[in-house]
Amino acid sequence: MNKFFLFLLAVSIPFAQVYSADKSPKNEKVKNVILIIGDGMGLAAASSWMIDNYYAPTCFDRAQFVGISKTYSANNRVTDSAASGTAMACGVKTNNSMLGMGPDTTSVPSIAWYAKQKGLSTGIVVTSHVCDATPSAFYGHVPKRSMSTKIIQDMLEARLDVVVGGGRSYFTDPEKVPENMIEKAIREGFTYADTPEEFYATSKTPIIGLFADGSYPMAIERDTDFLTDAAMHTLDILDENKKGFFAMIEGSHIDHAEHANNAEQLTFEMEEFDKLVNAVFDYADTHKGTLVVVTADHETGGVTLLSGSKDFTKGDTGIEVKFGTTGHSGSPVPIYAYGASAWKFGQVMENTEIFSKIKALLIDK
Ligand SMILES: [Zn+2]
């Protein structure tokens, strides 16, 4: 502790509390891991939300340790969500579009599988459809991300405690599936929820919740905090298991707003994401042994935050959110870590290390 810090400690206790490094419990055993993925959320997207808030504290300001994740895939320096989801879920760099397997199509187990083997509870919450690339990386094993029927079969086999989001039509469309997969799930002992309200009213696991035919509506199209509400109900369910749990929660539409180059949609998505992350950080504050890792699978949109004028001698001339592409970019993405052993994530790393670090802390111990 340097002299300057000591001086501040003497004159301002609240300041010292805010900046106390002890806030992140270094040697606390990790019991629960909550991985939050902002799909396509690069540093500029996260920063756009901080700027929108005129630098009032956002969830990102609460991070106790910050790292950088290198997102390239096995066959492309610009990854898609399937390869990067597989990297974070299973710890291997694979080719774009492949899920839960290496480039040679050998299946690899996910962190959710390891957690289940160890007797922990497992949950997945997304605003996209549950057969989309990011959630599927945690239960699917397919060479092509479009193979939704096989992904659903893998999902049923994996029997995670909670899988909720959109995607009803992927389970029921006779052109996609050989039989109604919702009825199959119910036959196999799953609780099925057709609306968020039905989901909030049950805790009988395993639960599959499909709240829309395709993706769940974007934040700009509704007036509910769906992502936060669904996540917190999921954590309540998973918390029943005294051994602990693994959960993955995705703000899926950040990516979609950026693909559309729509700054207004992006703002609404970041607002929803901020509420989610703050709620989960609060949860970690009151649930000992909880580690929260917030990151992205890749950057989308080539988002930049441009000054309204090239004349830097002027005062503020406004900042505009601009997009450089309707696709993904090769920029690395930030990692914001909070809670038990968060310090392990305060470095530059491969996206596969997110898997290996979580596995070391939660499974291998
Ligand atoms: Zn995308």
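In this predicted model, F226, L227, T228, A231, M232 and L235 of helix α11 meet E272, K275, L276, A279, V280 and Y283 of helix α13. The residues of this contact divide into nine nonpolar, one polar and two charged. Helix α13 also meets helix α3, and a zinc ion has protein donors from D255, H259 and H328.

**Helices α11 and α13**
- The axes of α11 (residues 226–238) and α13 (residues 263–286) come within 8 Å and cross at roughly 25°.
- Because angles under 35 degrees count as roughly parallel, α11 is roughly parallel to α13.
- The crossing of α11 and α13 is right-handed.

**Helices α3 and α13**
- The axis of α3 (residues 43–52) comes within 10 Å of that of α13, and the two cross at roughly 85°.
- The helices α3 and α13 are therefore roughly perpendicular to each other.
- On the α3 side, A45, A46, S48, W49 and D52 take part, meeting L266, T267, M270, E271 and D274 of α13.
- By class, this contact of α3 with α13 has five nonpolar, two polar and three charged residues.

**Zinc site**
- The protein donors of the zinc ion are D255 (OD), D255 (OD), H259 (NE2) and H328 (NE2), at 2.1 to 2.4 Å from the ion.
- Along the chain, the donors follow the spacing D-x3-H-x68-H.
- D255 belongs to helix α12 (residues 253–259) and H328 to strand β12 (residues 328–329), so this pair ties together parts that are 73 residues apart in sequence.
- The arrangement of the four donor atoms is irregular because they subtend angles of 56 to 159° around the zinc ion.

Key
Residues are numbered from 1 along each chain as its sequence is written. This is a predicted model: local features need pLDDT of at least 70, side-chain atom pairs count only at pLDDT 80 or more; totals for chains, interfaces and linings use all residues. Side-chain values use heavy atoms; hydrogens and water are left out. Axes are lines fitted to C-alpha atoms, for helices over the stretch in contact, and angles run from 0 to 180 degrees between N-to-C directions. Helices (H or I, at least four residues) and strands (E, at least two) are DSSP runs, numbered from the N terminus. Angles under 35 degrees count as roughly parallel, over 145 as roughly antiparallel, 65 to 115 as roughly perpendicular and the rest as oblique. A crossing is left-handed if the near helix is turned anticlockwise from the far one by less than a right angle, and right-handed if clockwise. Contact means heavy atoms within 4.5 Å. Ala, Val, Leu, Ile, Met, Phe, Trp, Tyr, Cys and Pro count as nonpolar, Asp, Glu, Lys and Arg as charged, and the others, Gly among them, as polar. Donors are N, O and S atoms within 2.8 Å of the metal (3.2 Å for Na, K and Ca); water is not among the atoms, so sites may look incomplete. Four donors count as tetrahedral if all angles lie between 85 and 135 degrees; four count as square planar and six as octahedral if opposite donors are over 155 degrees apart and all others between 65 and 115; anything else is irregular.
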